[in-house]
Amino acid sequence: MSRERAKRLTLPPAKENIAKLEKVVKEGNYYGAQQMYKSFSARYVTAERYSEALDVLDSGAGLQLEKGQKVTCGAELAMLFVDTLVKGKYAYDDDTLDRVRKIYKKFPRISVPQHLDLTDDDDMQQLSEAFAAAKVRVEGCSSFLRAAIKWSVEFGACRNGSPEIHDMLAEYIYSESPEVDMTKVSFHFVRGKNPKKFASTLVNFMGKCYPGEDDLAIARAILMYLSLGNLRDANGLMDEVKKQMQSKELDFPQSELIQFINYLLLTLQRDALPLFNMLRQNYKSSIEREPVFHELLDEIAEKFYGVRRRNPLQGMFGDIFKMMGGE
């Protein structure tokens, strides 16, 4: 009998080890359990018993994440779960996506303390600790979901990765980040499949952003959709944002930038490259309020009118694209 075959036979069923490890966690020995989860899962991977390795890591990640103060432990096991999907060459399908979603839902959602006295040292310390903990949560969940997106690209999802996982990542970044980066949030929502949720997120953001940022948020979202060649969802998002703001009796932002976006959406429905170029020139000052807009418009020109870029994926947009996990 080969050594590898012997290893497969001597390892007990995963459920036996899972029960032992759950007991260690419940006793409060989180870090001891963490090392055991990693060790046991590695043995199953070495024996090519990938399904059992996934069961061990799934259970461990869930238990550690449920103990809110052990997010780093749970996030590490979640990352190993995705790594095992890759090693086991698991196809992207509904069942595996459900397992990723199950782990994602275990990541804590804790609101930052409100109504603190910023002149009080104890309150400031509490706020600082809450911000630091939130940053750890977001980094852990983001790393897990970005790895899952890369796995999905390699094993059967569309070119941009699983839309469902992109939506999960956008929602978590927005809801849990102490200081929201709407560029990152928008990057993932436009690769998702829930424009209605994206619209409600934008409306929520516009209710608390700095004056003058509301039209930038809308324009960025629309241009990101269009840079992917997705005119349908760009129009759908604009309509949904207007609808939701009207239902909340909020004023939709009026600016030259929004005017440009409205004209652009109409122009892209036709073969009208000269008009597209004229719009870029006439609204140049508004477009330059955010440098990345020029990069996005170059992408749009290529997608809709076949205008080839001299340096594809160069400049600020290319850097952002690569930073956020794009191809």
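At a relative accessibility of 39%, Tyr 263 counts as partly exposed, the term for values between buried (under 20% relative accessible area) and exposed (over 50%), with a 1.4 Å probe and protein chains only. Tyr 283, by contrast, counts as buried because its relative accessibility is 11%. The model is predicted, so that local features need pLDDT of at least 70 and side-chain atom pairs count only at pLDDT 80 or more, while totals for chains, interfaces and linings use all residues. Residues are numbered from 1 along each chain as its sequence is written, and side-chain values use heavy atoms, with hydrogens and water left out.

Buried positions in helix 6 are Thr 96, Leu 97, Val 100, Ile 103 and Tyr 104. Viewed down the axis of helix 6, the buried residues fall within an arc of 120°, so they line one face of the helix; the arc is taken from the directions from the helix axis to the C-beta atoms. An α-helix has 3.6 residues a turn, so residues three or four places apart point the same way. Asp 94, Asp 95 and Lys 105, on the other side of helix 6, are exposed.

Aromatic rings of Phe, Tyr and Trp (its six-membered ring) are paired if their centres lie within 6.5 Å, and planes under 30 degrees apart count as stacked, over 60 as edge-to-face and the rest as tilted. By this rule the count comes to nine aromatic pairs. Phe 107 and Phe 144 form a stacked pair, with 5.9 Å from centre to centre and 20° between the planes. This pair links distant parts of the chain, 37 residues apart, with Phe 107 in the loop between helix 6 and helix 7 (121-154) and Phe 144 in helix 7. Both Phe 107 and Phe 144 are buried. The pair of Tyr 263 and Tyr 283 is tilted, because the ring centres are 6.3 Å apart and the planes stand at 55°. Ring pairs also link Tyr 104, Phe 107, Phe 144 and Tyr 172 into a cluster.

Technical notes
Helices (H or I, at least four residues) and strands (E, at least two) are DSSP runs, numbered from the N terminus.
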